Amino acid sequence: MKRMRTLAGISILALVLAACSSGSTDTAADTAAALDDSNCAAAESFCVGLVTDISKVDDKSFNQSAHEGAMAAAAEVGGFYKYIETTDTKDYAANMGQFTDKSYDVIVTVGFLMAEATVTAAKANPNTKFIGVDQFQGEVVANLTGLIFPEDQAGYGAGYLAGLMTKTNKIGSVLGLEIAPVQLFAKGFEAGAKAANPKVAVTTVYHPPADNGFGDPVWGAAEAKKQLAQGADIIFGAGGGTGNGALIEIAKAEGAGTAVFCIGVDTDQWGTVPEAQPCLITSAVKGLTLGTSDLVKKAFDGSIAGGNFVGTAGIADYHDFASVVPMDVQDKVAGVVAGLKDGSIKTGVKL
Amino acid sequence: MTLTETKNTNKIGFFVRNQSIVVPIAAIFVAFVLGGILISLQGVNPLVAYRAIFSEAWFDSDGLLRTFQKTTPLILAGLAVTVGLRVGLFNIGAQGQLISAALASALAGIYITNLPPILHVIVALFCGVIVGALWAGIAGVLKAYRGVHEVISTIMLNSIAIGILDYLVSNPFQEPDQSLQRTKKIAETAVLPNFGVIPFGFILALIICLLVYWMLNKTTAGFRFNTVGKNKFAATYAGINMKLMVVTGMLLSGGLAGLGGAIETLGITYRFEPAFNAGLGFDGITIALLARANPLATIPAAILVGTLRAGGASLQFETGIEPEIVDVLLAITLLLVSAPILAKYLFKGKAQKSANVTSGWGN
């Protein structure tokens, strides 16, 4: 007994020593990193900060795309980049404050839920450029640019494909929170499907309001399972981790990739959610990375303007399903996507 | 026995007698050491990381305000669970009680008008307390008259509360022209003010904490609560009305959690949105266990958790460490505190000897 206690004591001591010793060696590296954003106020330095919604920069869809865009743009123009991941919706302002305190030049806030907090912060810090991803600006604030997308067009294209591909005439969508960008995706999806196939029935389900609306894969999987049981054979999973949960569930279902398909969202999820590959025919994408990096670069050269900046939207590559989706279907969908782009086809979606 | 040996055993005796203080502090220490190792594995000096947390949370006026704001509902949720534990009830439903109260006080803040400022705040707080108490009271009545275990009923009532609140904020009480599911803003007259960096709600929480301590330790009602909690058969034999105690215990517990939700709405968020109060009630369980069901100890426990949460953002900004490390620290602490087996193993042998010695020497 006594020996065991001594052993426990020694091991705790060892842990303390380990923590202390490794601490002292890292100090130099730390101060070096801190130097990078210590003079953001200076004209020659360009500092870009990013605040995520309640999600991580590796969420494999929304936040990750914006993060990659901002990071790439900052690197391209020789700027410094840093991010904070929000863990509590009450901390949006405090997290943006970390960047404004250090006089960052550009702050990217990711997500519709941060719209109000971003407007408040932009008005309080007129010398900082704010980029609000997915934040429609009703009133123009000179130093705030909302990056918005025609999500209804991406949804419409995906829905058109689903309408042509369904055998059961039943399709569904498993969605994140019922907020404008998600609604646009969902309504576009439904409109596209109906346009391709008037007989199709679309089941739509939004995550109930909660702080994990875009990070609830368990709920997403359960809803996907429910829709499959009701006979849906193509399901659109749109809502960060929640949607990913649905995609992965469908990929494991019987007939995945032959009778049952899924459609991803935001980015080409063939690459970001490889677990979904067995069923993933395409993704309804919006140019998050491109739009974010464009705006950061515009902020760098000073050509950015307040108000809204419309990014791109469309559907991703078919990847391995290029041989499964019939050629005539591919042609029709390509025609519709092109029509949406040039304005000859309207989605007719209104919120 | 020589003099030095007696001194040694007395020292260990001191630790044993003050286990309720020593164990949590040792647990926090070990958690910070283990957390430090995790942080240094990511190439960051743990001392720099911890300094980032504490300098943001305590030595920055905005940060200090947020620390107090985050601490307030934690104190009350911790007290709610503590009171339950004293009566022998494990109230896991503080979350459900807290969120229903948060909505109730928001509605009182929005739809009751024409009240003078101070009265409006009191009425709105009261609405929250009542709703929280009644929500917990359901579990109390079920336990007292139907024998339904409170762990089951309170956790189920959490889900029911979430469902009802989702409906209420997405239909009858949703803010007009707003796609987010949330209520309107409360009236100016219902806002709980801040005194500099000290939110009024924090002061209120401290007062309530003292009151609960006094009630549990100095009053007949508190004596009954403790007796029921320690041995319900003895309590019944002594003529204490068990059913009444169970129901009032739950009402009190729910009222405290409700006050936490009400302060959150009236002092910080100014409206109800389901995402706002995530996890606060569950943090209350952490705090009550950390405080070992001692009402006064909930204050330092809640301050610890509040500090870590408030400093988390700065931690990522300064060092790039993900804010979730804070949850790792809390989880390790809780694991150690709630693993009395380990403590017993470490202290037991010596403790018995020490007891023998002291009784042998007649002191």
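These legends describe several views of chain A in a predicted model.

**View 1. Chain A as a whole.** Chain A contains 11 helices and 12 strands, where helices (H or I, at least four residues) and strands (E, at least two) are DSSP runs numbered from the N terminus. Of its 351 residues, 58% count as buried, a word used when 20 or more other C-beta atoms, placed from the backbone, lie within 10 Å of a residue's own, while 12 or fewer make it exposed and values in between partly exposed. Residues are in contact if their C-beta atoms, placed from the backbone, lie within 7 Å, and among contacts between residues at least 6 apart in sequence, 72% join residues at least 24 apart.

**View 2. Confidence along chain A.** The pLDDT, which is the predictor's confidence in each residue from 0 to 100, averages 87 in chain A, and 90% of the residues score at least 70.

**View 3. The surroundings of A:Tyr206.** A:Tyr206 lies in strand β7 (residues 201-206) of chain A, and it counts as buried because it has 22 C-beta neighbours inside 10 Å. Leaving aside residues up to four places away in sequence, A:Tyr206 touches A:Leu175, A:Leu177 and A:Glu178.

**Notes.** Residues are numbered from 1 along each chain as its sequence is written, and chains are lettered from A and ligands numbered from 1 in the order in which they are written. In this predicted model, local features need pLDDT of at least 70 and side-chain atom pairs count only at pLDDT 80 or more, whereas totals for chains, interfaces and linings use all residues.

Notes
Contact = placed C-beta atoms within 7 Å.
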